[in-house]
Amino acid sequence: MPLTPVITEHWDDPELFTISGYRRHGGYRALESALTRDPDALISLVKDSGLRGRGGAGFPTGLKWSFVPQNDGKPHYLVVNADESEPGACKDIPIMLANPHALVEGVIITSYAIRAKHAFIYIRGEVPEAIRRVANAVREAREAGYLGTDIRGTGFDLDVVVHAGAGAYICGEETALLDSLEGFRGQPRLKPPFPAVAGLYASPTVINNVETICNIPYIVDRGVDWFRQFGTEKSPGFKVFAVSGHVNRPGIYEAPLGITMRELLDYAGGMRDGHQVKFWLPGGSSVPMLTADHLDIPMTYEDMAAAGTMLGTGTPMIFDETVSVVKAVTRWLEFYKHESCGKCTPCREGTYWITGTLEKFEHGHGTEQEVETLVELCGQIMGRSFCALGDAAATPYPAALKYFRDEFVAATTTSADDQFDPVASYVFAGAVAR
Amino acid sequence: MAISESTREQLQQLAARYPRPRSGLMPMLHLVQSLEGEVTPEGITACADAAGVSAAEATAVASFYTMYKRRQVGQHHIGVCVNTMCGLLGGDAVYEALSERLGVGHDAPTDDGQFWLERIECQAACTHAPVMTVDWEYMDDVTPAAAVEIVDRLERGETVLSTRGPAIRDFRATEQTLAYPEDGLAAEGTPVDDKMLVGLRIAKEGGMAAPGVPAPSAPTGQEG
Ligand SMILES: Cc1cc2nc3c(=O)[nH]c(=O)nc-3n(C[C@H](O)[C@H](O)[C@H](O)COP(=O)(O)O)c2cc1C
Ligand code: SF4
Ligand code: FES
């Protein structure tokens, strides 16, 4: 399947991040067109496109917008989730660095469609470069009359605020993000009510991922039929894939949904020389891992689900045979334990126990019995936590055990570092320092 | 350090950026951290006043987020990503080399107060593993030797360029950016690098492109 740069098409123009550069490539044409249309028609358009959220869950975007009650007399809000903190996810930040105006244009069109006068872009605080690039684009859009009051003489008003986070993975969970944006500790809320009905300041709120919103100008400009040329019936469109790990050319590859990992791997120059795929994850540490036996499955929401995993953020991480799966999984669990917000017991206590047991394995301790009981423990967290972080924490271990049971059993007597020399996994092994 | 009248005015401005003042609490905390190098009790109280909440509530918020520090960070914050991708691809060795060079462990300042070292989580840059940050600006694809050299150069006061951002300033300047993102540096450096362009270049060289774009004037989609 060929690569199809759309969001990434003009990234090699160093001026793309400026409004004049973006306009030179057709930028803000979609907005001009959108402002002549009925907002409801835009919601229908996005519904018909079949666009699904690129933040991980794949929820249909137009459907989400249509849940916002109209003529309810309440203010509406758009919140862009730019918290990208999922281990392995590294596509929203590059989009914001390279093409920030696509995000801003998408924000304006989306706000017009859902009748929001205020939009917020919540960017993780640890990436100031993304924050300044997006803020610069917002300023330019305001100066060009695309933001502010009575935009292009339509009577539509919109103010966009770029908000910097301060280091908390849980704030990527949409309701925790709202609490954070309201100036509270970022802890998830009970759902329902869903944000579309009672979100920011208890008003109707649409929360979408950066990449989701960046699709909007292209769909508005080029239409549903064009968009549906890419991907499958259930997973239409293209995807900014970010391929990381032991490949020869890690980086950004934009392709239709439905491309296979083998094809992406091929574009990425294959595994580093002399090495093979050991395990890979289609989109973030929260989705179950796969092996070399799964390289030919189309990267769509439905095919990944059928294979027992998820497309997630669509940012595959690939590890070669030098890597200890015990060590990899332990490191992810240390992350979940650190990031658990502490609100509910299964996740708070569960991440503590899973991590403790895995750390024993990593250091060559524990029993075969514990290899089994840890599966039960994960089972007790799965589905019983307040938010999806708990489920995510219960995912890596059972998924890894499915394919690498022997390695976990061996780890109860031989440490991960004794089984696998960590230096062999380094990408600079033997290389001369810069 | 006492909070000045002009700082209080700035905090009010940050509150006014939002429909409700409390929403301004996070940028406010970044602002006081930029002025004081840490979030002090006085800073928290000033933020609480501007946000219209109690000092206890503001403290609870400040302590929830890892970027707000309760001790002097020093001139430069040094982060090393040790999440699975970076850590296993060499970040662990980078961290060890820096810890030895600086003589400190995780989340602590050096004795001379110049650096703060921290094991950090995934920085949304796994394609550039192993990743290090200086004052939260990217230092992609580092080796242990390169990381130590970066610290050496910072110590000598030399200019160090972020791999995908501007020249390194200091920790407080970055915190200022987080409160006021329009810092005039958006055009600095090369934020779009080879790894971000690799797929596009392969597509262009191979004559691959997305299917044709319909004429812009056609009001597509409304028929839907
Ligand atoms: C722990 C956790 C972290 C998340 N982090 C992010 C994130 O950084 N970015 C994001 O877009 N979605 C994240 N999500 C998913 C959001 O809750 C939400 O589904 C998404 O922002 C909706 O946007 P979309 O429909 O456009 O995908 C996270 C979910 C969980 C449970
Ligand atoms: S599952 Fe974890 S992160 Fe989610 S509410 Fe419970 S403790 Fe917090
Ligand atoms: S694991 Fe280090 S940037 Fe993602």
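Trainee: How many salt bridges does the rule find across the interface of domain 1 of chain B and domain 2 of chain B?

Mentor: The model is predicted. Chain B is divided into domain 1, residues 5-64, and domain 2, residues 76-179. A salt bridge requires a side-chain nitrogen of Lys or Arg within 4 Å of a carboxyl oxygen of Asp or Glu. Across the interface of these two domains, the number found by that rule is zero.

Trainee: What area is buried between domain 1 of chain B and domain 2 of chain B?

Mentor: The C-alpha centres of the two domains of chain B lie 27 Å apart. Their contact takes ten residues from domain 1 and six residues from domain 2. Carbon and sulfur atoms give 49% of the buried area, which is about 710 Å².

Trainee: Which residues in domain 1 of chain B lose the most area to domain 2 of chain B?

Mentor: Three residues together account for 55% of what the domain 1 side buries. They are H30(B), Q33(B) and S34(B).

Trainee: How much area do chain B and chain A bury between them?

Mentor: The contact involves 87 residues of chain B and 100 residues of chain A. In chain B, F64(B), L88(B) and L89(B) lose the most area to chain A, together 9% of what that side buries. Carbon and sulfur atoms carry 64% of the total, and that total is about 7500 Å².

Trainee: How many salt bridges does the rule find across the interface of chain B and chain A?

Mentor: The side chains of E137(B) and R132(A) meet in a salt bridge, at 2.9 Å from N to O. Across the interface of chain B and chain A, the number found is four.

Trainee: Where does ligand 2 sit?

Mentor: Ligand 2 is surrounded by 13 residues, the closest being C341(A), K343(A), C344(A), C347(A) and C387(A). By class, this shell has eight nonpolar, four polar and one charged residues. The site of ligand 2 is the largest cavity.

Methods. Residues numbered from 1 in each chain as written. Chains lettered and ligands numbered in written order. Predicted model: local features only at pLDDT ≥ 70, side-chain atom pairs only at ≥ 80, totals over all residues. Heavy atoms only, no water. Near = heavy atom within 4 Å. 1 Å grid on protein atoms, 1.4 Å probe; cavity = no way out; pocket = protein on both sides within 12 Å on 5 of 7 lines; lining within 4 Å. Sits in = over half its atoms within 2 Å of the grid points. Nonpolar A, V, L, I, M, F, W, Y, C, P; charged D, E, K, R; others polar. Domains from an automatic or database assignment. Contact = heavy atoms within 4.5 Å. Buried area = accessible area lost by both parts, 1.4 Å probe.
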